[in-house]
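This report goes through selected helices, helix pairs and loop residues. The sequence and structure come first.

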Amino acid sequence: MFEPCPHLPPDPAGVDWRHLNVHRDGVRGGEFYVACLEYAQRLWVERKAARAMLCLDRALGADLTGDEPELTEWPLPYLGMAWIMAHTPPGVFLGNPRIHFQHYGGRMNEPRKLQRQWRAWACWALARVVFPDLAGDPLHLVDEPSFEKVDEGLRRHGISGEHDIWLAAVSAARCFAL
């Protein structure tokens, strides 16, 4: 077992896939968002780093306006995403986060396509900070945005203050990568 990620909520006892499944047919707002964060924590603690990142992808896809009380306690999980990437030890499967987010950002669909696409590119940028030597997928031809474009995309399509949360995560990721 891993020590919990300090940037995610503690997971309630017995959390598994059913924790998210209860939201399958409902609104994917604040409650779904926190459920994703809690399940990501459970997956991380169980040494399932790649699956924890995928769960954070789902949290970033939640339908949030920015006014949800859940966001006050648990801001968008850019810092948790960077922390998990940086703290996954060798031998624990993480995949190639740069390629994952390159594909995700380049193939996003509705709902809220632009918001979710810029969030994927924001995570791609974090992966580039944490893993500067990881190569992208040369067969997936897509225009990879600059950090400035990602910031602009989050400012235009994210919720209020999202770009500040991301910039703080970028700064922390630079420290994690040392």
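## Loop between α2 and α3

R47 sits in the loop that joins α2 (30-45) to α3; helices here are DSSP runs of H or I with at least four residues, strands are runs of E with at least two, and both are numbered from the N terminus. The phi angle of R47 is near 70°, a positive value in a residue other than glycine. R47 has a relative accessible area of 42% and is therefore partly exposed, where buried means under 20%, exposed over 50% and partly exposed in between, for a 1.4 Å probe and protein chains only.

The model is predicted: local features need pLDDT of at least 70, side-chain atom pairs count only at pLDDT 80 or more, and totals for chains, interfaces and linings use all residues. Residues are numbered from 1 along each chain as its sequence is written, and side-chain values use heavy atoms, with hydrogens and water left out.

Helix α3 covers residues 49-60, twelve in number, and reaches 17 Å from its first C-alpha to its last, close to the 16 Å expected at 1.5 Å a residue. The expected span is 1.5 Å times one less than the number of residues. Nine of the twelve residues of α3 are buried, and the helix is mostly covered. The buried residues are A49, A50, A52, M53, C55, L56, D57, A59 and L60.

Helix α5 (residues 78-87) packs with α3 at an angle of about 165°, the axes being 10 Å apart. Axes are lines fitted to C-alpha atoms, for helices over the stretch in contact, and angles run from 0 to 180 degrees between N-to-C directions. The two helices are therefore roughly antiparallel to each other; angles over 145 degrees count as such, those under 35 as roughly parallel, 65 to 115 as roughly perpendicular and the rest as oblique. On the α3 side the contact is made by A49, A52, M53, L56, D57 and L60, and on the α5 side by Y78, G80, M81, I84 and M85; contact means heavy atoms within 4.5 Å. By class, this contact has nine nonpolar, one polar and one charged residues. Ala, Val, Leu, Ile, Met, Phe, Trp, Tyr, Cys and Pro count as nonpolar, Asp, Glu, Lys and Arg as charged, and the others, Gly among them, as polar.

A62 is placed in the loop between α3 and α4 (69-73). A62 counts as buried because its relative accessibility is 0%. Leaving aside neighbours within four places in sequence, A62 is in contact with R28, G29, F32, Y33, R112 and R119.

The axes of α6 (residues 97-106) and α7 (residues 113-130) come within 8 Å and cross at roughly 160°. That angle makes α6 roughly antiparallel to α7. The crossing is left-handed. P97, R98, F101, Q102, Y104, G105 and G106 of α6 make the contact with R116, Q117, A120, W121, C123, W124, A127 and R128 of α7. This contact has eight nonpolar, four polar and three charged residues by class.

P111 is found in the loop between α6 and α7, and the peptide bond from E110 to P111 is cis, with omega near 10°. R112 is placed in the loop between α6 and α7. Although R112 is not a glycine, its phi is positive, at about 50°. R112 is partly exposed, with a relative accessible area of 24%.

H140 lies in the loop between α7 and α8. H140 counts as buried, at 11% relative accessibility. Apart from its neighbours within four places in sequence, H140 is in contact with Q102, H103, G106 and R107.

S160 is placed in the loop between α8 (147-157) and α9 (162-176). S160 is exposed, with a relative accessible area of 73%. Its C-alpha atom is separated by 8.4 Å from that of T65, 95 residues apart along the chain.

Helix α9 has 15 residues and reaches 21 Å from its first C-alpha to its last, close to the 21 Å expected at 1.5 Å a residue. The buried residues of α9 are E162, H163, W166, A169, V170, A172 and A173. These buried residues pack against α5, α7 and α8.

Note on methods. A crossing is left-handed if the near helix is turned anticlockwise from the far one by less than a right angle, and right-handed if clockwise.
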